[in-house]
Amino acid sequence: MNNDHAMQEIKDHWDRDGLSQTIYDALIASGKPLDTLTLEDLAPLDQFHRGGKGFTTRLARLADLKSGMKVLDVGGGLGGPARTLAIEFGCHVTVIDLAESYVLAGRMLTDLMHLNDHVTHQAGSALELPFEDHAFDAVWTQNSGMNIMDKERLYAEIYRVIRPNGLFATQEPMAGPRQPLIFPVMWSRDGTGNFLRKPEEIRALIESTGFQTRKWDDVTQEKSAAPGTTNTHTIQNLVMGADLLAEIRAADKRNDEEERIVMIQAVFERF
């Protein structure tokens, strides 16, 4: 499988027609006043990863992100983490995502939060980042690499756009000691587009690209203990549908209990 085919499969898996309107309707149904939305109001609809906003904040603190930093969020989806970095940490964030429907929805939510001067959204591939060398103080990825087959190229591109001594902050599910994975999972219904690797392989690959590890945290147990939500207006429910989501949650439970997935948060420095 070549990269173009693999990236098209990712796009097909995630893209949803009318996603912006679906999310807008869910916000209206939630009863939240649209002119005074908070990060907590949006979290069920824009933090599309295990651990939710709490894990976004955890990773940002692990990386010690500072006000004024220029951050690229690769595979940033709807922009929940980006808006969190903007409001709570004072960062200027560029979000790039392969799925145009997520880019459009992210722009809508950023506009509703009056954050257009701190967060921007654009469509593009993580394997061909449309930015100059050394353009960012930090690159951020949160649950986006598991769909990407060519991780060597991914990390090379991330390395290229980070300034010298800049940071790479990442949160990723990785292959646990027991395999294979139980499907469906959020990023793959039947194994198509699933490219998990073992933590030691990922760490060695990132370091061989030219990064030095600053922090490496196994947060698997924290992930499993993270509180869920019974709110039907969640991005997981809106994108996957109630029936498929129930199957995914059952598979998640087995994958967690049987150590088929581990979750890592890590911070690297570019040399």
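Ring pairs link Tyr155, Tyr159, Phe168, Phe211, Trp216 and Phe268 into a cluster; rings of Phe, Tyr and Trp (its six-membered ring) pair if their centres lie within 6.5 Å, with planes under 30 degrees apart called stacked, over 60 edge-to-face and the rest tilted. The model is predicted: local features need pLDDT of at least 70 and side-chain atom pairs pLDDT 80 or more, while totals for chains, interfaces and linings use all residues. Residues are numbered from 1 along each chain as its sequence is written, and side-chain values use heavy atoms, without hydrogens and water.

By the ring rule there are eight aromatic pairs. The rings of Trp14 and Phe48 have centres 5.5 Å apart and planes at 85 degrees, so this pair is edge-to-face. Trp14 belongs to helix H1 (residues 3-14), whereas Phe48 lies in the loop between helix H3 (39-46) and helix H4 (52-63); helices (H or I, at least four residues) and strands (E, at least two) are DSSP runs, numbered from the N terminus. Trp14 is buried, with a relative accessible area of 14%, where buried means under 20%, exposed over 50% and partly exposed in between (1.4 Å probe, protein chains only). Phe48 is buried as well, at 18%.

Tyr155 and Phe168 form a tilted pair, 6.0 Å centre to centre with 55 degrees between the planes. Tyr155 sits in helix H7 (residues 151-161) and Phe168 in strand S5 (residues 162-175).

Strand S5 is part of an open, mixed sheet of seven strands in the order S3-S2-S1-S4-S5-S7-S6; two strands pair if DSSP finds at least two bridges between them. Its edge strands are S3 (119-123) and S6 (211-218).
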